[in-house]
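Okay, thanks everyone, let's get going.

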Amino acid sequence: MMAKEKRSNTIIGKYMPYYYAGASLDFNLIHIDQEYAKANGLPGIILQGMCTMALTAKHLIDNGNPAQLRSIKVRFLNPVLPEDELIFDSIANGPDVSVVVKNKNGGRVLKGKATLK
Amino acid sequence: MLGDNIIGRKYESDYEVSYEKVKEYVRVLDDQNPHYTDREFVKSLDGGHPYAPPTFAAIYCQPAMNHLYFDPEFSKLVPRLVHGEQEYHFHEPVRAGDKIHTIAVIDNNYTKTNQAGKVHRIFEIKTTSSNQDGQTVCTGLYTLVIRGE
């Protein structure tokens, strides 16, 4: 079977961690308070990993039926900051998909595997 | 070690999935998949209510996870907490109107030394979510990293 490759990209909005915090109720201060984030060893507020994962699932499902996504497992490799541009690359071999998300300003931010049926 | 005594601790929550909340969530992600937002489209497809995106699991699990984050034994670790890994297995699809019960259990706690010699503490949290009919909708594994000083 031919492997199917797919690429998409997304620019993380300046206020996305705030919007995602509101939608998800994840108000951990490292996502919404610059000083707090810096005091805890981060370069600034960072995007919720769950948001990067949600964008990864969006890349995989596209406009298809969401029930086709059976599982997803990701590792968060590096923080994503507001205004970063992310590039999503996935390769499907039948139902098994591997996915990597790269930051245009640096290296990989997420790698993972998913099953789509 | 701090936190050892909370292995096996269990946190539960109930969450009712609303169409409006799903629309709010997908708007943040700029996800225009009609399965989430177009009632008529989904009705014509299978007669049911709009779907929630699979990763909406993060939303309906969050109240149970918040019980963990605000647990006095755990909350002091939260300032140095980052999300290391996340795994979800999806079973019955979740749709607007579903009532989801989630149980989160602290399953494992260990340390890991990184290349710079910093000792990170890892917590693994298992979640099991089921709907109003008792069907499992999602099982999850949250790998939470407490960064070493």
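This is a predicted model: local features need pLDDT of at least 70, side-chain atom pairs count only at pLDDT 80 or more; totals for chains, interfaces and linings use all residues.

We have five helices and five strands here, and if you read from the N terminus the order goes β-α-α-α-α-α-β-β-β-β. Take the principal axes, and the C-alpha atoms of chain B fill a box of roughly 55 × 30 × 20 Å. Of the 149 residues in chain B, 52% are buried. And if you take contacts in chain B between residues at least 6 apart in sequence, 68% of them join residues at least 24 apart.

Now the inside. As a general point, nonpolar side chains in soluble globular proteins tend to be buried together. Which residues touch the most other members of the largest nonpolar core here? They're B:Tyr60, B:Phe74, B:Tyr88 and B:Leu144, out of 68 residues in that core. Helix 4 of chain B gives the most to this core, nine residues. There's also another core apart from this one, with five residues, and among them are A:Ile30, A:Leu42, A:Ile45 and A:Ile46.

Leave out its neighbours within four places in sequence, and B:Phe74 is in contact with B:Ile6, B:Leu68, B:Tyr69, B:Leu81, B:Phe123, B:Leu144 and B:Ile146.

Next up is B:Asp71. You'll find B:Asp71 in the loop between helix 4 (57-69) and helix 5 (72-75) of chain B. Is B:Asp71 buried or exposed? Buried, because its relative accessibility is 7%, and the cut-off for buried is under 20%. Not counting residues up to four places away in sequence, B:Asp71 touches B:Arg9 and B:Tyr11.

Okay, over to salt bridges. Across all chains, a search of the whole structure finds 11 of them. The general idea is that side chains of opposite charge can pair when their charged atoms come close.

I want to show you a few in chain A. A:Asp89 forms one with A:Arg7, and the closest N and O atoms are 2.8 Å apart. A:Asp89 is in strand 3 of chain A and A:Arg7 is in strand 1 of chain A, so this pair ties together parts that are 82 residues apart in sequence. A:Arg7 itself is exposed, at 60% relative accessible area.

A:Asp89 also meets A:Lys102 in a salt bridge, at 3.3 Å from N to O. That pair links strand 4 (residues 96-103) of chain A, where A:Lys102 sits, to strand 3 of chain A, where A:Asp89 sits, 13 residues apart. A:Lys102 is partly exposed, with a relative accessible area of 33%. What do you get when salt bridges share partners here? One network, joining A:Arg7, A:Asp89 and A:Lys102.

Then there's A:Lys6 with A:Asp62, a salt bridge at 3.7 Å, N to O. Those two are 56 residues apart, with A:Lys6 in strand 1 of chain A and A:Asp62 in the loop between helix 3 (49-61) and strand 2 (69-76) of chain A. A:Lys6 is partly exposed at 30% relative accessible area, and A:Asp62 counts as partly exposed too, at 45%.

Strand 1 (4-11) and strand 3 (85-93) of chain A are the elements that give two or more residues to the lining, and strand 1 gives the most, with three. By class, that lining has six nonpolar, two polar and three charged residues.

A:Leu25 has a positive phi, near 65 degrees, and it isn't a glycine. A:Leu25 is in the loop between helix 1 (16-24) and helix 2 (34-39) of chain A, and at 38% relative accessibility A:Leu25 counts as partly exposed. A:Glu83 isn't a glycine either, and its phi is positive at about 75 degrees. A:Glu83 is in the loop between strand 2 and strand 3 of chain A, and A:Glu83 is exposed, with 53% relative accessible area.

That's my tour, so let's discuss.

Note on methods
Residues are numbered from 1 along each chain as its sequence is written. Chains are lettered from A and ligands numbered from 1 in the order in which they are written. Side-chain values use heavy atoms; hydrogens and water are left out. Helices (H or I, at least four residues) and strands (E, at least two) are DSSP runs, numbered from the N terminus. Buried means under 20% relative accessible area, exposed over 50%, partly exposed in between (1.4 Å probe, protein chains only). Contact means heavy atoms within 4.5 Å. A nonpolar core is a set of buried Ala, Val, Leu, Ile, Met, Phe, Trp, Tyr and Cys residues joined through side-chain atoms within 4.5 Å. Ala, Val, Leu, Ile, Met, Phe, Trp, Tyr, Cys and Pro count as nonpolar, Asp, Glu, Lys and Arg as charged, and the others, Gly among them, as polar. A salt bridge is a side-chain nitrogen of Lys or Arg within 4 Å of a carboxyl oxygen of Asp or Glu.
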